[in-house]
Amino acid sequence: GAGFVLIDGKCHAFSKGDIALIDSDAIHYTFSNTNMIYSCIIVSTDFCKQMGIDYHKLSFVSLLQNEKLSGLFEEICNILESYITKNSNVLELACGTGQISFLVADKVESYIATDFSENMIQEANKRKTKNPTKAHFQIADATNLQFQEKSFDVVIISNALHIMPNPELALKEIRRVLKPDGIIFAPTFVY
């Protein structure tokens, strides 16, 4: 099989036959569009130190774009569209590389897409140079947002609350930045 894995907030592609070196404390999501058979060696940073291996050099370099996953995000966005208008101010948390951002941003008044991972925001901005959008990508901590109270009509946080160490803190912040009649859209899925 083939797909990608998120390690320390970074996307890494893998293909059939790849050997993945993964820090067991960092992995939180895997995906493949087929039944996959691949070898995985779980390696911790402590193990790397003991063996004299540079942990930071253990990574893949590209994100695999997958049609099935893309279709899933399109379906999520179709549902979301019934809750937004061209006048909506939207905040997306844990946007990753912008799978939802690119599908929704140009349909609303303003769209701020954030992620805790600098690498994810860099990847989203790279995509933006090829596919212009009015989405503004920036690094942010969902548990400590730097936005004013009651600033957003919609907050999107897709497939992230279940992997956060303190999701209640993120929910508290979401409530703070949402307008009184605002909507939180938080799809969580395992594909």
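The structure is a predicted model, in which local features need pLDDT of at least 70 and side-chain atom pairs count only at pLDDT 80 or more, while totals for chains, interfaces and linings use all residues. Residues are numbered from 1 along each chain as its sequence is written, and side-chain values use heavy atoms, with hydrogens and water left out.

**Helix 4**

Select residues 118-130, which form helix 4 (helices are DSSP runs of H or I with at least four residues, strands are runs of E with at least two, and both are numbered from the N terminus). Its 13 residues reach 19 Å from the first C-alpha to the last, close to the 18 Å expected, where the expected span is 1.5 Å times one less than the number of residues.

Now colour Met120, Ile121 and Ala124, which are buried (under 20% relative accessible area, with exposed meaning over 50% and partly exposed in between, for a 1.4 Å probe and protein chains only). These residues lie on the same side of helix 4, because they cover an arc of only 95° around the axis, taken from the directions from the helix axis to the C-beta atoms. On the face turned away from that buried side, look for the exposed residues Lys126, Thr129 and Lys130.

**Asp115**

Step back to Asp115 in strand 7 (residues 110-115). What is the nearest side chain of opposite charge to Asp115? That side chain is Arg127, 11 Å away, and the buried Asp115 has no salt bridge (a side-chain nitrogen of Lys or Arg within 4 Å of a carboxyl oxygen of Asp or Glu). A polar atom of the Asp115 side chain does, however, lie 2.8 Å from the backbone nitrogen of Gly96. Beyond its neighbours within four places in sequence, Asp115 has contacts (heavy atoms within 4.5 Å) that include Met120 and Ile121.

Next select Phe147, in the loop between strand 8 (136-139) and strand 9 (152-157); Phe147 is buried, with a relative accessible area of 16%. Among its contacts outside four places in sequence are Leu91, Ile112, Thr114 and Arg176.

Finish at Gly182 in strand 10 (residues 178-185), which is partly exposed at a relative accessible area of 26%. Its C-alpha atom is separated by 9.8 Å from that of Val90, 92 residues apart along the chain.

How values were computed: Lys, Arg positive; Asp, Glu negative; His and termini not counted. Polar contact = N/O pair within 3.5 Å; in protein donor to acceptor, adjacent residues only side chain to side chain.
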